[in-house]
Amino acid sequence: MVVVTEKATAPSVLRNTAFLRLWTGTTASGLAMWALPFVLGLAVLERSITAVELGVVLATRTVGFLVAVPVAGVLADRHARRTVVFWSCLTGAVMTPVIALGMGRSLLLMAAAAAVVGAGQGGCRPAFQAMVAEVVPEPQRQQANAATTLAIRVTTLVAPSLTALAALVTDAKALLIVTAALWLVATVVPPKGTWAPDRASSRASFATDFLEGLNEARRHPWLLSGLGALTVMVAFGYSATAVLLPVVSRDRYDTEAVLAAATTAYTLGALAGAALMARWRPRTPGWAGLAGMACYGLVPLALLLPVHWFVLIAGYVVAGIGIELFNIPWFTAVQREVEPGKLARVSSLDFLLSFGLAPVGLAFIAPAIDHFGAGVVLGACAVVCFAAPAAAALVPSSKGFTRSS
């Protein structure tokens, strides 16, 4: 049973100027990252590119991201993280206009530029995550992670609307220049960190450094079990619901409004969860987080059962709240428990598995639906979403996301 403890007594992290600069840079890069697919979608509507070209460009961006993440983790532990952020975000700023240049001229140029932009996105993620531990004292880190999550969730909520409104007065190429400007903000605004890298480590091979990160992750059983549960949930739960929510919205409820309402409800639930975790300190943060992760099992269950649309929307709200009950204590625990000189590498492993296996899950879900049927797939995914966090909770150190649990 999860017991609520007293409210946080640490000073507001919003008084920390260094964090506010880091938060601004993280938010700017996140907005640039999330806006790109919608801007390119507008380009399809303008007939500047085709739907096939859109798919190719987004796919190459994802490949660039996944290739860059582990490399960036090693680099951000070898060198000053502020330097890694600078060059990664500058890459995004320089190459985004190249995508615009390739519109209507060269798919190869667009795809290559998108791959490099994706690499820039992947390059800054581990460094941003590690920098929180550098500029924010430990008692304020949960607040800091909650504030960052709030910014990311607001970004995902408003980016489509802002892009659509901007499209009323300009075209997709101009909007790509705007996203390049956001990358420039992320390049120059973040503060210097306080962690000094070990110069001797820069002489080690990439493989050696990467394996050191894996070994550091293995020292924390709660981290491996939690990351395993998250990876399984994303690969099965997210993938199945992403494919089948539009189908259920059309066939069961005969309206696309349920699709829009469900995705919005998930984001609003996540915003509520982040606001809650800015103030709440559970006595057993690991168990509370894993219980929150398990809430996502309500989504495939609601898609499976013939429930009223209101129940489906409520399931998405609860799932959104639950995922932030996990994410924020999880990031805070990684920043606290992992050795500072290996934090970026462990964070890159987190991003690589949780983001990297999502496309793999999507690739297998559609054939599984064709072979077994939507009902069987949704039922299996619901069981997995409940069982994976429960199995992770059996690891003794998962109770508090700490080796001393």
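R15 sits out in the open: its relative accessibility is 71%, so R15 counts as exposed (exposed is over 50% relative accessible area, buried is under 20%, and partly exposed is in between, with a 1.4 Å probe and protein chains only). R15 is found in the segment before α1 (17–45), where helices are DSSP runs of H or I with at least four residues, numbered from the N terminus. R15 and S347 are 332 residues apart in sequence, and their C-alphas are 26 Å apart in space. All of this comes from a predicted model, in which local features need pLDDT of at least 70 and side-chain atom pairs count only at pLDDT 80 or more, while totals for chains, interfaces and linings use all residues. Residues are numbered from 1 along each chain as its sequence is written, and side-chain values use heavy atoms, with hydrogens and water left out.

Another arginine, R345, lies in helix α13 (residues 343–372). At 6% relative accessibility, R345 counts as buried. The R345 side chain makes a polar contact with the side chain of D77, at 2.8 Å (a polar contact is a pair of N or O atoms within 3.5 Å; within protein, one must be able to donate a hydrogen and the other to accept it, and residues adjacent in sequence count only if both atoms are side-chain atoms). Leaving aside residues up to four places away in sequence, R345 touches G73, V74, D77, D209, E212 and G213, with contact meaning heavy atoms within 4.5 Å.

Not counting residues up to four places away in sequence, L223 touches A217, W330, V334, V338 and V346.

Then there are the cysteines. The count of disulfides comes to zero, a disulfide being a pair of cysteine sulfur atoms within 2.5 Å. C381 is in no disulfide, as the nearest cysteine sulfur, that of C385, is 6.4 Å away; that is too far for a bond. C381 is buried, with a relative accessible area of 3%, and C385 is buried at 0%.

Technical notes. Helices (H or I, at least four residues) and strands (E, at least two) are DSSP runs, numbered from the N terminus.
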